[in-house]
Amino acid sequence: MKIAVASGKGGTGKTFVATNLFNVLSGRGERVTLVDCDADAPDDLLFFPAEKISETEVTHQVPVINKDACTWCGRCSNWCNYNAIFYVPTAKVIEVIENLCHGCGACSFACNSDAITEKPVVLGTVTSFRTDRGYPLVEARLRVNEMSPVRVIKAAIKEAGEDGVVILDSPPGTSCPFIQTVDRADYVLLVTEPTPFGLSDLRQSVETLRTMNKQCGVIINRADIGDSGVKNYLREEQIPLLGVINYGTDIARSYSEGRLITEESEIMTGFFAGIADKIISEHGTGSN
Amino acid sequence: MELAVISGKGGTGKSSVTAAFATLGEKLVVADCDVDAANLYLLFNPEHDTEQVYIGGHKAVVDHSLCTVCGICESYCRFDAIREVEGKIIISETSCDGCFFCSRICPTDAITMVRSDKSRMYSGTFRNGMMVYGRLAPGEENSGKLVSMVRDEAKRVAAEKGMSTILLDGPPGIGCPVISTVTGVDRIVIVTEPTMSGLADLKRVHEVACKFTSEVGVIINKADLNEAMADRIDGWCTAQGSAILGRLPFDRRVTEAMVAGKSITEMHPDTEISKTITDIWNKLLTDGKE
């Protein structure tokens, strides 16, 4: 089964939860894969000694226009919905603005004079690692200065396959990168904090997940710093509260140094094991 | 001066720092460019003067009474959005990129493009000036375009009200909405935290920031959680030629202020964190006017 660990707001502890869940399950010898889908800011690898197995570049096809063959009909520019073809026929100017191109291929189809060929542009990489315990970790990494991580995220989830439990560490927000990640999940574990900002973003995440018919549950992190707004909301909306984690300098310090709290605290190991067991027993597909 | 606050990693305290800057005295225009997860309005309760619809993009929709299931659309779609399921063409709303290609090549004109019009942009007044913010409807694309719209409105409002400072609260990450937030700004402030993840994400967002301006400064928030890591970040920034604007201590009162609907500098002006933020802001304003 695939479990997405997500949150609307950034910095609530998604990576903290995803890496520790993975650590607890792999420590018990279960079949588990961790996929870092936060391609803008991938950090999961910092927490595991791991060996690189393979790396694939994720590309999309952008047009290359041969001006000598161009008949200046303007169809490519008309068909492009992203304003990525700058076209001034009177001045015989036609340029591709690669940063705006989404690689849909409409322009090369539209061209009547075979003036458009395509070339691949690298958007990011999908890298497979094996942790020191022998478990797979797949990382989606957006190339700096590229615009959209969506294709990279999709490729990483595909690379991870379907074996056992697959944990997807999601990007923040509720727009396309988030949707692409949770779309493939059987269950979404939302990590929030009990503040007005946390609640506002949690509400938006829950509403989005409901339109997608996704099951979800919530962990409240740094539960002792804030107000009761999140708990009241969960009660009103009948959303399962799977656990609360209070703020602790030991947790903050271990995370800051790239360590896993489940390697250091038996209580936290039990906490994450309990959450994993609950999700898998209640929402697991059974086939694994 | 237009100044953007960004972070790479989420949750480092961008909005809390922005909220403090925005309430320190000089009247200004504050624009929330984190259109995915806009939060500043919760502290500022702006009175809306205007609300505008933002057309985020389009989604392809099939009319099954016209569709002959020829499969041309499926074979040309590069976003894996179209599938034939049990003799029917199904277009996934979540995967559709809104490129119009399928609607243009369908031989029976069975595909229409429907506008996504649920996103909004608001502008109005708050207690220390003007506020503009966007709210992207869940799952919508082209957040960068909404950010541009928010920034254009902020500039218009600033000119109208004669305010010289525009403060942008940016989104996390390094992709499209971040690039839209920092393109053409005068100054960029990156808020980071003293963790391995904070540093890794800082390096990536710093590379993006430096493409747009040489005026990039860094604030290390919650610096006392790990002073050694803060020193490492400090050293890295110095080597890059970017100034450390200041180190802020971890202080639960920042959250208490948020719960009370205030910035830390409004609620507890005499704390160490408030004083440091005030010094940073005054310096940014002075440097910006030079």
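Which residues in α1(A) meet which residues in α9(A)? N20(A), L21(A), V24(A) and L25(A) are on the α1(A) side, and T269(A), F272(A), A273(A) and A276(A) are on the α9(A) side. Two residues are in contact if their C-beta atoms, placed from the backbone, lie within 7 Å. Helices (H or I, at least four residues) and strands (E, at least two) are DSSP runs, numbered from the N terminus.

A word on the source. This is a predicted model, in which local features need pLDDT of at least 70, side-chain atom pairs count only at pLDDT 80 or more, and totals for chains, interfaces and linings use all residues. Residues are numbered from 1 along each chain as its sequence is written, while chains are lettered from A and ligands numbered from 1 in the order in which they are written.

Back to the two helices. Two packed helices are described by the angle between their axes and the distance between the axes. Here α1 (residues 14-27) and α9 (residues 266-283) of chain A pack at about 85°, and their axes are 9 Å apart. Axes are lines fitted to C-alpha atoms, for helices over the stretch in contact, and angles run from 0 to 180 degrees between N-to-C directions. That angle makes α1(A) roughly perpendicular to α9(A), a label for 65 to 115 degrees. The contact of α1(A) with α9(A) has 6 nonpolar residues, 2 polar and no charged. Nonpolar means Ala, Val, Leu, Ile, Met, Phe, Trp, Tyr, Cys and Pro; charged means Asp, Glu, Lys and Arg; the others, Gly among them, are polar.

Now the chains. Chain A has 9 helices and 11 strands, and chain B has 11 helices and 13 strands. Of the 288 residues in chain A, 52% are buried, that is, with 20 or more other C-beta atoms within 10 Å of their own, C-beta atoms being placed from the backbone. For chain B the figure is 53% of 290 residues.

Chain A is assigned domain 1 (2-54 + 125-281) and domain 2 (67-114); such bounds come from an automatic or database domain assignment. Taken over C-alpha atoms, the centres of these two domains of chain A are 41 Å apart.

Last, where the chains touch. Chain A puts 50 residues into the contact and chain B puts in 49. On the chain A side, α6(A) gives the most, with 7 residues. By class, that side has 19 nonpolar, 22 polar and 9 charged residues.

Key: Parallel < 35°, antiparallel > 145°, perpendicular 65-115°, else oblique. Buried ≥ 20, exposed ≤ 12 C-beta atoms within 10 Å, placed from the backbone.
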